[in-house]
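Please consider the structure shown below. The paragraphs that follow treat the annotated domain, a pair of packed helices and the surroundings of a ligand.

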Amino acid sequence: MSEPALHIDGVHKEFRQGENRLTVLDDAALTVQPGEFVALVGPSGSGKSTLMHIAGLLERPDTGRIRIAGADGSQLNDGARTRLRRTALGFVYQHHHLLPEFSAAENLILPQMIAGSGRREARSRALELLEQVGLSERADHRPARLSGGEAQRVAIARALVNRPDLLLADEPTGNLDPHTSDRVFDLLQGLARDAGLAALVATHNFDLAARMDRTLRIVDGHVSPA
Ligand code: ADP
Ligand code: MG
């Protein structure tokens, strides 16, 4: 059997808040299999974003292991973690986080060039993805000229541009109206499934969670089936 897209176990994370220590994750564990879409739910402040940052190798846990597509993220030095993040992971956030001074196409070209692609190849892949998200005619527009839904579609294309194994999406439609939210999520799920990608999606939206393969919930720092 192939390795899980994501396997986390024994993860403990505390934050210092003034004089106090706040335990956010306490022996948290979860597995996402290749191709699986998993929702992560829990009330505001329950630790969803903290867990996504740890899974995304953006933050180190106090203890615990993180394996991404068979690679042990917790054992690597910072440079190797960055390389693994660029090749194996795609990120989508609540806000699009596109670079404001660059066009939609350039926002998709840059991450490929940082990962080692040539400009010509990167441009052709960027235009192919913009077509897949229905924004070919917006390729030369800067983010400020895009609607919220369009900007989020570019952000989804950017997350897929380096052909990751795992998509990490933290409230990906949290900033959109319900109708746009449904359409953007359908697009995200359709493209990810076509690419055989696994996804962990933190969401407040139980309708979205119901459309995924499985739902996990964070309660008192633990992750359990919902
Ligand atoms: P969620 O995404 O489920 O809303 P978060 O993971 O953002 O939850 O936050 C979980 C808890 O950890 C919250 O109480 C938050 O205030 C706290 N927290 C998150 N990041 C930090 C930080 N860098 N320093 C201190 N406390 C933090
Ligand atoms: Mg959050």
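Predicted model: local features only at pLDDT ≥ 70, side-chain atom pairs only at ≥ 80, totals over all residues.

The UniProt record, an unreviewed entry, assigns the feature "domain: ABC transporter" to residues 6-226.

Two packed helices are described by the angle between their axes and the distance between the axes. For helix H3 (residues 104-114) and helix H5 (residues 148-160), the axes come within 9 Å and cross at roughly 20°. Because angles under 35 degrees count as roughly parallel, H3 is roughly parallel to H5. The crossing of the two helices, H3 and H5, is right-handed. On the H3 side, the contact is formed by Ala 104, Asn 107, Leu 108 and Pro 111, and on the H5 side by Val 154, Ala 157 and Arg 158. By class, the residues of this contact between H3 and H5 comprise five nonpolar, one polar and one charged.

Attention now turns to the ligand. Which residues surround ligand 1? The shell consists of Phe 15, Gln 17, Leu 22, Val 24, Gly 42, Ser 44, Gly 45, Ser 46, Gly 47, Lys 48, Ser 49 and Thr 50. Strand E1 (6-17), strand E2 (20-32) and helix H1 (48-55) are the elements that supply two or more residues to this shell. Of these, H1 gives the most, with three residues. Sorted by class, the shell around ligand 1 contains eight polar, three nonpolar and one charged residues.

Methods
Residues numbered from 1 in each chain as written. Chains lettered and ligands numbered in written order. UniProt positions renumbered as here; feature names shortened; annotations may be inferred. Axes fitted to C-alpha atoms, helices over the stretch in contact; angles between N-to-C directions. Helix = DSSP H or I, 4+ residues; strand = E, 2+ residues; numbered from the N terminus. Parallel < 35°, antiparallel > 145°, perpendicular 65-115°, else oblique. Left-handed = near helix turned anticlockwise from the far one by under 90°. Contact = placed C-beta atoms within 7 Å. Nonpolar A, V, L, I, M, F, W, Y, C, P; charged D, E, K, R; others polar. Near = placed C-beta within 6 Å.
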